[in-house]
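Subject: The structure we talked about

Hi,

Here is the structure I promised to pass on.

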Amino acid sequence: MKKKPLIEVGVSCSDGTDIELSVESSTTYTVLLEKVTYLLGIFDTKYFALQKSDVWCDSKQRVRNGDKLKLLARYLPEDASELIQSVTIGLVFAQVRNSILSGSLACPADTALLLASYDLAQQAAENGEFIKECPSDGSVLPERLRDLAGWRDKLMRLTRRHTMLCREEARLGYLRVAQELPGYGVTMFSVSNKKNTPLQLGIDALGLALYDGHQVPPRVTFGWAEIKWIAWKRGRVLVRPDEGDTLEFRAEGGRDLLTLCAGHHELFRHRRQKEDPLRIHVTALAHARRDRSRVMRQRLIRTTEDLIGWRSKAEQTSDAASKAEAAAALFAEKANIMEEEARLIGGRAGALENELHALRQSRAALTARLSDTERLAKCLAAQEDVSSLSAQIDRNRQETMEGSRLVQMELTKLRSELESLQRGSESPPEEFHSRLDSWSKAQRGRVKSRVNLFEEL
């Protein structure tokens with residue numbers, strides 16, 4: 001049997017994984033999707049479809065040689081908890097993250113920061129690292145929010161809350177927050193009603209929603225539980241609700257719209273049915289894997305924290321040792337300086353002792369010279385006293401001699417007068433007695449002065 005020719009096909013995933021396949025030329029996109037999901041190990045294949053040039057591939061068409069396709073989640077789950085496989089969670093997470101960062105899915109600033117905190121947590125858990133700081137370029141935020149004041153501090157405060165999460169838990173947390181956004185998982189179609197009023201029809205996991213332009217919230221909604229059937233007839237979409245008349249829409253790409261509605265309705269119905277044993281088993285395995293991942297993540301964080309603590313203690317010990325070595329070196333230097341100072345002080349002390357000895361000798365010599373000077377001064381003083389005394393004696397002698405001369409002259413005069421009186425009268429006159437008394441007093445005064453002068457010698 002002749003083999004069919006093979007063609008080359010490339011498939012890229014939202015998480016950056018690229019797959020190159022060689023398939024038969026008769027392979028349809030449905031078969032190719034099965035091969036790709038098998039290679040990736042995807043269990044929940046119902047969420048995914050192939051897209052070519054931003055158009056969903058028709059499942060019945062054949063693959064062409066050289067096709068470049070994308071594997072995307074065409075039907076996002078109603079609740080992120082439905083995703084049980086790690087690979088499925090990773091692909092859906094990457095697709096939603098790219099939509100938020102590119103701006104195609106509108107997101108408020110506070111919600112964007114919370115989503116970015118889960119993104120940082122899953123990156124740290126994937127790399128087995130500890131969350132230290134946020135990217136300086138703001139790559140985890142939409143570009144319009146990267147100039148937001150103080151976003152780094154807010155982001156780090158939010159990220160520290162998710163330190164203990166494993167990678168899957170962080171990604172599921174991201175998806176749980178994202179699924180609350182108004183545009184999450186919504187595919188928009190331009191339609192018009194019977195009055196030709198332009199409307200927007202949104203289709204998601206919960207049902208149908210009619211928007212007046214792009215206004216949010218929608219004007220009218222129909223849940224999948226409220227819809228009996230949906231059909232495509234003559235370029236019109238027919239929607240039959242449980243109550244009321246059938247709704248008719250004119251829409252472009254009505255077959256894609258119908259396929260999307262059928263897929264969402266099937267998933268809605270499947271979620272409300274009892275799960276089959278295989279899915280229950282896979283879900284249990286997924287929960288056990290997440291529990292193990294969480295425990296390993298917590299153990300890794302504790303080990304990292306212990307390692308950081310030990311490293312900090314080691315650095316402190318090293319710093320203390322360095323400080324002790326520096327202190328020891330400083331003490332040794334101070335000891336050397338003190339020894340040198342002691343040597344210099346010892347030499348100075350010897351010099352001072354010599355100077356002190358010389359000063360003592362000088363003092364003794366000065367004391368001896370002072371004694372000699374005092375003796376000389378006493379001698380000089382004694383000589384001066386003797387000279388003054390001699391002068392005084394000479395003055396007194398002269399005065400005495402002068403007094404004696406005067407007395408002698410007076411006596412001679414008195415004697416002559418006495419003789420004359422004797423010759424004239426026997427009793428001396430009164431004038432003679434008065435002169436004699438005055439001479440006796442004068443004589444006694446001179447004697448007393450000489451006595452005093454003698455006692456002073």
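Thr-37 counts as buried, because its relative accessibility is 4% (buried means under 20% relative accessible area, exposed over 50% and partly exposed in between, with a 1.4 Å probe and protein chains only). This threonine sits in helix α1. Helices are DSSP runs of H or I with at least four residues, strands are runs of E with at least two, and both are numbered from the N terminus. The side chain of Thr-37 reaches the backbone oxygen of Glu-34 at 3.0 Å. That is a polar contact, a pair of N or O atoms within 3.5 Å; within protein, one must be able to donate a hydrogen and the other to accept it, and residues adjacent in sequence count only if both atoms are side-chain atoms. If you leave aside neighbours within four places in sequence, Thr-37 is in contact with Ile-42 and Thr-45, where contact means heavy atoms within 4.5 Å.

Before you go further: this is a predicted model, in which local features need pLDDT of at least 70 and side-chain atom pairs count only at pLDDT 80 or more, while totals for chains, interfaces and linings use all residues. Residues are numbered from 1 along each chain as its sequence is written, and side-chain values use heavy atoms, with hydrogens and water left out.

Now the whole chain. The secondary structure comes to eight helices and twelve strands. Of the 457 residues, 30% count as buried. Among contacts with a separation of 6 or more, 58% are between residues 24 or more positions apart. The chain exposes about 29,800 Å², and carbon and sulfur atoms supply 54% of that; accessible areas come from the Shrake-Rupley method with a 1.4 Å probe, and for residues only the protein chains shown count as cover.

Five strands form an open sheet in the order β2-β1-β5-β3-β4, with mixed pairing. The edge strands are β2 (18-24) and β4 (55-56), each of which pairs on one side only. Two strands pair if DSSP finds at least two bridges between them. β1 and β2 pair in the antiparallel sense over seven bridges, and in that pairing Gly-10 stands opposite Glu-20 in β2. These two strands make a hairpin with four residues between them, and Gly-16 in the turn has a positive phi of about 95 degrees.

Lys-60 is in the loop between β4 and β5. Buried or exposed? Lys-60 counts as exposed, because its relative accessibility is 73%. Its C-alpha atom and that of Val-31, 29 residues apart along the chain, are separated by 9.3 Å.

There is another sheet to look at. Seven strands form an open sheet in the order β9-β8-β7-β6-β12-β11-β10, with antiparallel pairing. β9 (220-223) and β10 (227-233) stand at the edges with a single partner strand each, so one side of each has no neighbour in the sheet. From one strand to the next, the twist averages 30 degrees. Helix α6 (residues 254-271) packs on this sheet, touching β6 (187-192), β7, β8, β10, β11 (236-241) and β12 (247-251), and its direction makes about 160 degrees with that of β10. Four bridges join the antiparallel strands β7 (residues 198-203) and β8 (residues 207-211), and Gly-202 has Ala-209 in β8 as its bridge partner. β10 and β11 pair over six bridges, also antiparallel, with Lys-233 opposite Arg-236 in β11. Their hairpin has two residues between the strands, and Arg-234 takes a positive phi near 55 degrees.

Last, the cysteines. Cys-107 is buried because its relative accessible area is 4%, and Cys-166 is buried because its relative accessibility is 2%. How many disulfides are there? The count comes to zero, with a disulfide taken as a pair of cysteine sulfur atoms within 2.5 Å.

Cheers

How values were computed:
Axes fitted to C-alpha atoms, helices over the stretch in contact; angles between N-to-C directions.
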